[in-house]
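Here's a quick briefing to read alongside the model. Have the sequence and the 3D view open as you go.

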Amino acid sequence: MATCFCWRGCGALHGRLALHGRGLRGVAGLRAPGPAPLRTYVPGRGGLPAALLRTDGFVGGRWIPAAAAFPVLDPASGAELGRVADCGAPEARAAVRAAHEAFCTWRGVSAKERSSLLRKWYDLMIQNKDDLAKIITAESGKPLKEAQGEILYSALFLEWFSEEARRIYGDIISIPSKDKRALVLKQPLGVAVVITPWNFPSAMITRKVGAALAAGCTVVVKPAEDTPFSALALAEILLHHAANSVKRISMELGGHAPFIVFDSANVDQAVAGAMASKFRNSGQTCVCSNRFLVQKGIHDSFVKKFAEAIKTSLHVGNGFEERTTQGPLINEKAVEKVEKHVSDALSKGATVVTGGKRHQLGKNFFEPTLLSNVTQDMLCSHEETFGPLAPVIKFNSEEEAVTIANAMDVGLAGYFYSQDPAQIWRVAEQLEVGMVGVNEGLISTVECPFGGVKQSGLGREGSKYGIDEYLELKYVCFGGL
């Protein structure tokens, strides 16, 4: 699914939505949105808000059905939540054309007006935060408390970029010629195409779309087929309430984050950081720790306390249950990958400390798992698991740990725990990642740049740098003065 928000004029907001899935799924756009009936919806747990559940594509100012539809499933129960329009290439091209047409006007809208629109969107998200969180939990399985946290995180990107929209400054450069002046202008790139994953179906949209709209670009968004309802709900709250008020590549491609614990570390702090970094969203985040490298002097103590924390702090269940901290994985393929990594590790000498198999709750649930005696030749050491699996590799020296950590062709995030100031500076500089957590397991925040190095992506999102991905520099030489 793709979403394009654009201005036809200062007085009216127009959005284009295009839904894609396995191929290209449902497309959309807006002139004057009116109520549209749901095509198919089976109520799930938690009282999902029917008013926000859109199933049709949205193109040229109207919601439109498609010849086919694809099902969206609750990963906890397998129940069908609804069927979403399965659109194709013609609808996608129509969305891009609509975005391009709208860009001609939107690029000229004042920064103050763009700021006001984004602020309005933020306000609407906060007003609808509980309903939006329920949609995330229903279609992704994420525990409700985590989903509520994601909605707040998502909204904060809109608030941030509503402020950044008014801080896009150019530059004046001093040059030797007395009769010339050199200026640098920042101008919007044009239509931005945004592809987002299922594990943060709301935040990964606002982090990108907020920056693009603030810069003066129009946007086409393609969310994951597993979680299209969250994307459509975000569009609906803006388009319904604000209709009368809207190729450079930036890619975050995931990683295989190392989590290093040195002998000087505070073990309890390291375990708390490991829990937060590894098991958020059942291990299904791009910055989750995937490889735990623990120095031999502290290894046994760390593994023991880590296992105790997993057993006592994590509760597997349906995301709508209050005590749940670990929901289902997104689908059975995800579970099969975790099983494959565990099976491979055990066949090569690893030991299960806790967990290690599917949970009795259902086919999409897997026990939080801790493995010891893990070696670098195992799949879990060089492939991102994207699930509740924590493999521990014992190492001897700082140099060895850094070498293992940097041996991948990806580099999004990395974490390490140490109380040695000199070591902290050395390792922070040497880790080949875009983001480093030092004695901290949760590093994402609206104000700071998010992105990786190597094959983990291009550009940065969030922070004052995130808006630069949607701007181009223009040098102007003004002579004859």
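Before going on, some ground rules. This is a predicted model, where local features need pLDDT of at least 70 and side-chain atom pairs count only at pLDDT 80 or more, while totals for chains, interfaces and linings use all residues. Residues are numbered from 1 along each chain as its sequence is written, and side-chain values use heavy atoms, with hydrogens and water left out. Helices (H or I, at least four residues) and strands (E, at least two) are DSSP runs, numbered from the N terminus.

- Helix α2 takes in residues 111-127, 17 residues in total, and reaches 24 Å from its first C-alpha to its last, close to the 24 Å expected at 1.5 Å a residue. The expected span of a helix is 1.5 Å times one less than its number of residues.
- The buried residues of α2 are Arg114, Ser115, Leu117, Leu118, Trp121, Tyr122, Leu124 and Met125. Buried means under 20% relative accessible area, exposed over 50%, and partly exposed in between (1.4 Å probe, protein chains only).
- In α3, the buried set is Leu132, Ala133, Ile135, Ile136, Thr137, Ala138, Glu139 and Ser140.

**How α4 sits against α5**

- Two packed helices are described by the angle between their axes and the distance between the axes.
- For α4 (residues 144-164) and α5 (residues 203-215), the angle is about 5 degrees and the axes are 8 Å apart. That makes α4 roughly parallel to α5. Angles under 35 degrees count as roughly parallel, over 145 as roughly antiparallel, 65 to 115 as roughly perpendicular and the rest as oblique.
- On the α4 side, the contact uses Glu150, Tyr153, Ser154, Phe157, Leu158 and Phe161; on the α5 side, Ala203, Thr206, Arg207, Gly210, Ala211 and Ala214. Contact means heavy atoms within 4.5 Å.
- Sorted by type, the residues of this contact are seven nonpolar, three polar and two charged. Here Ala, Val, Leu, Ile, Met, Phe, Trp, Tyr, Cys and Pro count as nonpolar, Asp, Glu, Lys and Arg as charged, and the others, Gly among them, as polar.
- Axes are lines fitted to C-alpha atoms, for helices over the stretch in contact, and angles run from 0 to 180 degrees between N-to-C directions.

**The seven-stranded sheet**

- This open sheet runs in the order β15-β16-β17-β14-β13-β19-β20, with mixed pairing. Two strands pair if DSSP finds at least two bridges between them.
- At the edges stand β15 (351-354) and β20 (435-438), each with a single partner strand, so one side of each has no neighbour in the sheet.
- The average twist is 25 degrees from one strand to the next.
- Strands β13 (residues 257-261) and β14 (residues 289-295) run parallel and are joined by five bridges. Phe259 stands opposite Phe292 in β14.
- Ile260 is found in β13, and with a relative accessible area of 0% it is buried.
- Beyond four places in sequence, Ile260 touches Leu293, Phe395, Ala401, Ala405, Tyr415, Phe416, Tyr417 and Leu431. Ile260 and Tyr415 are 155 residues apart in sequence, yet 6.1 Å apart C-alpha to C-alpha.

**The three-stranded sheet**

- Here the order is β8-β9-β23, open, with antiparallel pairing. The edge strands, β8 (171-173) and β23 (471-478), each pair on one side only.
- Eight bridges join β9 (residues 181-188) to β23, and Leu471 in β23 is the bridge partner of Pro188.

**Buried loop residues**

- Thr227 sits in the loop between β11 (218-222) and α6 (228-242) and counts as buried at 1% relative accessibility. Leaving out residues up to four places away in sequence, Thr227 touches Glu139, Ser140, Pro197, Trp198, Pro201 and Ile330.
- Ser463, in the loop between β22 (457-458) and β23, is buried too, at 1% relative accessibility. Among the residues that Ser463 touches are Trp160, Phe161 and Cys448.
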